[in-house]
Amino acid sequence: MPTETKTTCPYCGVGCGVIATVADDGAVSVKGDPDHPANFGRLCSKGSALAETIDLDGRLLYPEIAGQRTDWDTALDLVADRFSKTIAEHGPDSVAFYVSGQLLTEDYYVANKLMKGFIGSGNIDTNSRLCMSSSVAGHRRAFGADTVPGVYEDLELADLVILTGANLAWCHPVIYQRLAAAKAARPGMKIVVVDPRRTMTSDIADLHLAIRPDSDVALFMGLFAHLISAGAIDQNYVAQHTSGFSEAFATATMLSSNDILEQTGLPAMQLREFYRLFAATEKVVTCYSQGVNQSSSGTDKVNAIINCHLATGRIGRPGMGPFSLTGQPNAMGGREVGGLANMLAAHMAIENADDRGRVQRFWGSPTIASKPGLKAVDMFKAVADGGIKALWIMATNPVVSMPDADAVEAAIKSCPFVVVSDVLRDTDTTRHADVLLPSLGWGEKNGTVTNSERRISRQRAFLDFPGDARADWWQLTEVGRRMGFDGFGYASPADIFAEHAALSAFENNGSRDFDIGAYAGIDEEAYNLLSPFQWPAARVGTLISDSGKRFFADGRFYHPDGRGRFTAVEATICDRTNCEYRFTLNTGRIRDQWHTMTRTGKSARLSSHIAEPFAELHPRDAIEIGVGNATLVEIESPHGKAIVRALITERQARGSIFVPMHWNDQFAAKARIDAVVAPIVDPVSGQPALKNVAVAATPLAVASYGFAVSATRPEGLDACYWALAKAAGGWRLEIAVDQQVDDWSLWCRRTFAIPEEIEPLGYVDRQSGDVRLAFFECDRLLAALFIARQPVAVARNWAIAQLVASHDQPRKRFALVAGRPGADMADPGATVCSCLGVGVNQIIAAVRGGCHSVEAIGSQTKAGTNCGSCRAEIRGIIDGCLAAAAQ
Ligand SMILES: Nc1nc2c(c(=O)[nH]1)N[C@H]1C(S)=C(S)[C@@H](COP(=O)(O)OP(=O)(O)OC[C@H]3O[C@@H](n4cnc5c(=O)[nH]c(N)nc54)[C@H](O)[C@@H]3O)O[C@H]1N2
Ligand SMILES: Nc1nc2c(c(=O)[nH]1)N[C@H]1C(S)=C(S)[C@@H](COP(=O)(O)OP(=O)(O)OC[C@H]3O[C@@H](n4cnc5c(=O)[nH]c(N)nc54)[C@H](O)[C@@H]3O)O[C@H]1N2
Ligand code: SF4
Ligand SMILES: [Mo]
């Protein structure tokens, strides 16, 4: 009998409920959980492809010391011993943990407890520093606690939704779908997108404000001033429930309208329209994500937004409020357990002696960190300087995702003792570990996560532990015990959750926002049955008292005076016109990859949407620097270099370049974009400015470009540029060489491990530089290579399909060498709908055949009918075709 398990998607902070089914033959399939209140059955492309990413290929299955397999006892004893000795010799601040919003709450709780309560240092920081720390700091300044007041339903109830620095269509696709459905049902609802780039999200916007990078503070200060002059301030609310209005007012009115126009770069009409809409609409939700947080003015951006909501009293009521969208599946859970270096458990403050005493008493711990620890960027600097001598990295890949990534890599290499807990054997970070600890992955591990709307859901295991892999909480617990600490006697995640819930209620009585006391002491059985619930969930007697409570509905905040605080923010501008590094590098995400690709990179389907690292450039910038479409461009800063494909598009503003954050040394020659990113941080939160980096861009001199498909993973690639992606039946490869290659046939034999007896089919034309080589074993294609002096114009998806086709007829083999489909072999074009494998050419054909709506395309080609993540792109293709036809 197939078994069904209700669990939660391990990707983004939407936190969709998933039903995983294991069939009798062990095959796993996933579908959206119709009962989960985050997604009501929907999933995006990444969620839908989860079953394709859980194979054991590439997994780390056994502990290793110095690259040699070992057993758990030996590995754990060594970790405990080295940490203990380092602390004994150099003090508690000589060790550190760098953890992740992809840990489950239970893992995170134990890591934080071990470092802050038993080792006695604040040196635990997390990739949430790169993600949510400006929001945390902004919330604490405004509300007195890190409270996210919004819920998803607010977006559906609002009359105006502002999406600023958030590419919802690609990064929170299921919220995007809920919003798109609400707008379709109620077309009067307005959507404003604030983003220097025109993204897929801007396609549903009534107004897209393509502001200059980092001019958000000016934009929202201008709005604040407008609300005052338009008489839109809620005077009663401001008087009764807030403080600091006059200081914020004074700074906001220091900027003239001209300053705002100049700083934001927006046309006056657009700015007026935005301000008018906000002033006139009661139900406004302002959602923000990394375009806000990842900035040297990130915390001020958050407070500039919150100021406008406090001034109008539009907070704490349905359909309104500021709403920070969390990125990782458990970014919120990490904040709840106090995983950041400057926080304590259960939303308590490390600077507050009462809080420290309370947590220490609760834990019965020998010590408690007396001051905040080092924040991520400073932590790796301390590793480089030798101040930190033992480091444990868990569920994050800092060699790819930290700014100044080459320096971070060098720091890790130089650190005397590095432990990495991961699910994969080979990542850019695991290659530098002294000890590798194999962790359980999604489907194997058990615990809870909290999504963007404060909803706690279970992740449940439905697969056996592979090899010797063990849960992260177990690894931490074992090390804690071996270091001689009491307080790590947990037998299961339920034990840990029960303690975490009890701590949240400990001496709380409504003084702290985070209270899930209703679950204190929860037993194994209840934990296993736990349904998704939102915090707060305090216990009064036997009742769960405030489930469903709307934060700030009563106008009470968590500052000692109970008031919400305005923040006097300042707008800063950045002008690079005359700089050597005159471009602004903006980095972020694409639809079908997750972070450093360790999981989504396994899926051919997901890799078919965008198979290569790229730089979006404005056409005029491209002309100026001499970069042609699909040629290669080198992006450089004083910190490092990257080489990516040029994608010339008017969706990009002049002077800016967008490069995705995902590619790394496992998938490309030199596309770790964080190697280029400067380690500049927000002064309040310590969050790096990952969206505004001064860079130079130049064309890469290339002798030949190439494309290849191969049944096995290419190895030892000899090329100045390469990018590798999984494809159905094998791999796809883009390359470029900077010098002529004498023997391409030999190059293929080495790269694709072609047996000697197999002769290539094809030709090498020295005059034109064209090369076409294919290697067949019986009727099966082993590898095919297409080389040209210009970017190769072979139909990629068609070539990939040849890996699984039968080549029993010579005609088919020759068609492959010709590099284009024969008359009976249509080329689907680049994949748009990754769920159903529909290419751009198929959609264009359907538009030409009379399908002029996304729905019509869906019924004709099925594109966009599964998860719906590609619907914005389909709409774009229809519009493009119709516009072209009308010309
Ligand atoms: N497909 C996919 N989805 C994901 C993830 C993933 O890896 N892949 N990761 C998850 C995680 S951890 C996170 S944190 C979220 C991030 O989700 P988002 O924040 O939505 O994603 P990003 O692409 O990082 O950046 C959002 C937008 O900010 C814009 N931006 C840049 N500079 C500015 C500026 O100065 N002002 C404004 N207003 N906007 C600016 C960028 O152009 C970009 O379009 O996504 C989550 N979801
Ligand atoms: N330039 C630039 N850089 C960025 C960003 C950006 O927008 N621009 N965004 C930043 C943001 S918001 C984020 S959140 C970070 C994300 O950056 P990372 O956290 O570095 O990215 P991931 O690829 O998710 O890394 C997770 C690692 O943990 C492993 N893993 C998966 N599951 C488990 C598990 O259960 N246990 C353990 N122990 N390991 C596991 C994975 O194999 C992988 O190696 O990147 C940041 N860096
Ligand atoms: S929106 Fe997609 S990635 Fe995010 S939780 Fe839902 S299914 Fe997973
Ligand atoms: Mo993130």
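About 80 Å³ of space lies inside the second largest cavity of this predicted model. Sorted by class, the lining of the second largest cavity has 9 nonpolar, 2 polar and 1 charged residues. How many cavities of 30 Å³ or more does the structure hold? The count is 4.

**Pockets**

Now look for the open spaces. The largest pocket holds about 1500 Å³ of space, and the second largest pocket holds about 910 Å³. The table sets out the classes of residue that line the spaces described here.

| Space | Nonpolar | Polar | Charged |
|---|---|---|---|
| Second largest cavity | 9 residues | 2 residues | 1 residue |

In the largest pocket, 44 residues form the lining, and H609, I610, L647, A830 and E873 are the ones nearest its centre. Which elements supply at least two residues each to this lining? They are β26 (614-617), β28 (640-648), β33 (730-737), α26 (796-801), β37 (831-833) and α30 (871-886). The largest share, 5 residues, comes from α30.

For the second largest pocket, with its volume of about 910 Å³, the lining is made of 32 residues, and those closest to the centre are R212, P213, C574, D575 and R576. Here α11 (257-264), β25 and α24 (619-625) each supply at least two lining residues. The largest share in this pocket, 4 residues, comes from α11.

**Around ligand 1**

In total, 35 residues surround ligand 1, and the closest are D195, D214, D216, R589 and Q593. By class, the shell has 11 nonpolar, 15 polar and 9 charged residues.

The backbone takes part in other pairs: a polar backbone atom of Q290 is 2.8 Å from an oxygen atom of the ligand, and a polar backbone atom of I590 is 2.8 Å from a nitrogen atom of the ligand. Is ligand 1 buried or exposed in the protein? Taken alone, ligand 1 exposes 900 Å², and the protein buries 100% of that.

**Salt bridges**

Side chains of opposite charge can pair when their charged atoms come close. A search of the whole structure finds 53 such salt bridges. One of them joins the side chains of D55 and K602, with 3.2 Å from N to O. Where do these two partners sit in the chain? D55 is in the loop between α1 and β4 (64-65), while K602 is in the loop between β25 and α23 (604-607). The two residues are 547 residues apart, and the pair links distant parts of the chain.

Conventions:
Residues are numbered from 1 along each chain as its sequence is written. Chains are lettered from A and ligands numbered from 1 in the order in which they are written. This is a predicted model: local features need pLDDT of at least 70, side-chain atom pairs count only at pLDDT 80 or more; totals for chains, interfaces and linings use all residues. Side-chain values use heavy atoms; hydrogens and water are left out. A residue is near a molecule or strand if one of its heavy atoms lies within 4 Å of it. A polar contact is a pair of N or O atoms within 3.5 Å; within protein, one must be able to donate a hydrogen and the other to accept it, and residues adjacent in sequence count only if both atoms are side-chain atoms. Accessible areas come from the Shrake-Rupley method with a 1.4 Å probe; for residues, only the protein chains shown count as cover. Ala, Val, Leu, Ile, Met, Phe, Trp, Tyr, Cys and Pro count as nonpolar, Asp, Glu, Lys and Arg as charged, and the others, Gly among them, as polar. On a 1 Å grid over the protein atoms alone, a cavity is a set of points where a 1.4 Å probe fits but cannot get out, and a pocket is an open set with protein on both sides within 12 Å along at least five of seven lines; lining residues have an atom within 4 Å of a point. Grid points are joined across faces, edges and corners, and a volume is the space filled by probe spheres set on the points. A salt bridge is a side-chain nitrogen of Lys or Arg within 4 Å of a carboxyl oxygen of Asp or Glu.
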